[in-house]
Amino acid sequence: MKTTRQPSSMDKTVGQRIRLARKIAKLSQTKLAEGAGVTYQQIQKYENGTDRVGAGRLFQIAQLTDQPIGFFFTTANETGADAPGEDILADPHMQKLLGVVARLENRDLIFNLVKIADTFAMTEDAAD
């Protein structure tokens, strides 16, 4: 009897991280797929969490996106999320923000953006 292995919640987290790493690296699904030796449809399945990604393939993806392998396994507690199960990097708005910041080349602009975000956070903390 053959059993079907379904993607777990960690597999879905890894898929979300693949998408984020790809966006940070400014790679299309097609370019990442070409580098990893799979189709862009397979990359979509990994990112959507419908297919599990093997260890060897994940290692290739980590190299192609210039991310440490641990990036793909970071849990909510490690990201500093406030609520159990909340993963700040899974938030589409955070992914978009990181993608935009990754496109910036001027380090002074990035530094100033961080200062602005920090000011917003302090204002929000004071309101609580």
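Which residues line the largest pocket? I looked that up and then went through the rest of the chain.

**Ground rules**

I am working on a predicted model, where local features need pLDDT of at least 70 and side-chain atom pairs count only at pLDDT 80 or more, while totals for chains, interfaces and linings use all residues. Residues are numbered from 1 along each chain as its sequence is written, and side-chain values use heavy atoms, with hydrogens and water left out.

**Entry 1: the pocket**

I found the lining to be Met 94, Leu 97, Val 101, Ile 110, Leu 113, Val 114, Ala 117, Phe 120, Ala 121 and Glu 124. My notes on the term: on a 1 Å grid over the protein atoms alone, a pocket is an open set of points where a 1.4 Å probe fits, with protein on both sides within 12 Å along at least five of seven lines; lining residues have an atom within 4 Å of a point. The volume is about 330 Å³. That volume is the space filled by probe spheres set on the points, which are joined across faces, edges and corners.

I then asked which helices supply the lining. Both α6 (92-103) and α7 (107-127) give at least two residues each. The largest share, 7 residues, comes from α7.

**Entry 2: overall layout**

I counted 7 helices and 0 strands. Helices (H or I, at least four residues) and strands (E, at least two) are DSSP runs, numbered from the N terminus. Buried residues make up 29% of the 128 residues. Buried means under 20% relative accessible area, exposed over 50%, and partly exposed in between (1.4 Å probe, protein chains only). I also checked contacts, meaning heavy atoms within 4.5 Å. Of those between residues at least 6 apart in sequence, 57% join residues at least 24 apart.

**Entry 3: the nonpolar core**

The largest nonpolar core holds 17 residues. I use the term for a set of buried Ala, Val, Leu, Ile, Met, Phe, Trp, Tyr and Cys residues joined through side-chain atoms within 4.5 Å. Ile 18, Ile 43, Tyr 46, Val 53, Ile 61 and Phe 72 have the most contacts inside this core. Two or more residues each come from α1 (9-24), α2 (29-36), α3 (40-48) and α4 (55-65). The top contributor is α1, with 4 residues.

I followed up Ile 61. Neighbours within four places in sequence aside, Ile 61 is in contact with Ile 18, Leu 32, Ala 36, Ile 43, Tyr 46, Val 53 and Phe 72.

**Entry 4: salt bridges**

How many salt bridges are there? The count is 4, taking a side-chain nitrogen of Lys or Arg within 4 Å of a carboxyl oxygen of Asp or Glu.

Asp 11 pairs with Arg 52, with the closest N and O atoms 3.1 Å apart. Asp 11 sits in helix α1 and Arg 52 in the loop between α3 and α4, 41 residues apart. Asp 11 is buried, at 14% relative accessibility. Arg 52 is partly exposed, at 35%.

Arg 19 bridges to Glu 47, the closest N and O atoms being 3.5 Å apart. Arg 19 lies in helix α1 and Glu 47 in helix α3, so this pair ties together parts 28 residues apart in sequence. Both Arg 19 and Glu 47 are buried.

Arg 22 also meets Glu 47, at 2.6 Å, N to O. Shared partners join Arg 19, Arg 22 and Glu 47 into one network. Arg 22 and Glu 47 are both buried.

**Entry 5: loop residues**

Lys 26, not a glycine, has a positive phi of about 60 degrees. Lys 26 is in the loop between α1 and α2 and is partly exposed, at 49% relative accessible area.

Asp 66 likewise has a positive phi of about 60 degrees without being a glycine. Asp 66 is in the loop between α4 and α5 (76-79). Asp 66 counts as exposed, at 69%.

Is Gln 67 buried or exposed? Gln 67 is buried, at 18% relative accessible area. Gln 67 lies in the loop between α4 and α5. Leaving out residues up to four places away in sequence, Gln 67 touches Ala 21, Ile 24, Ala 62 and Phe 72.
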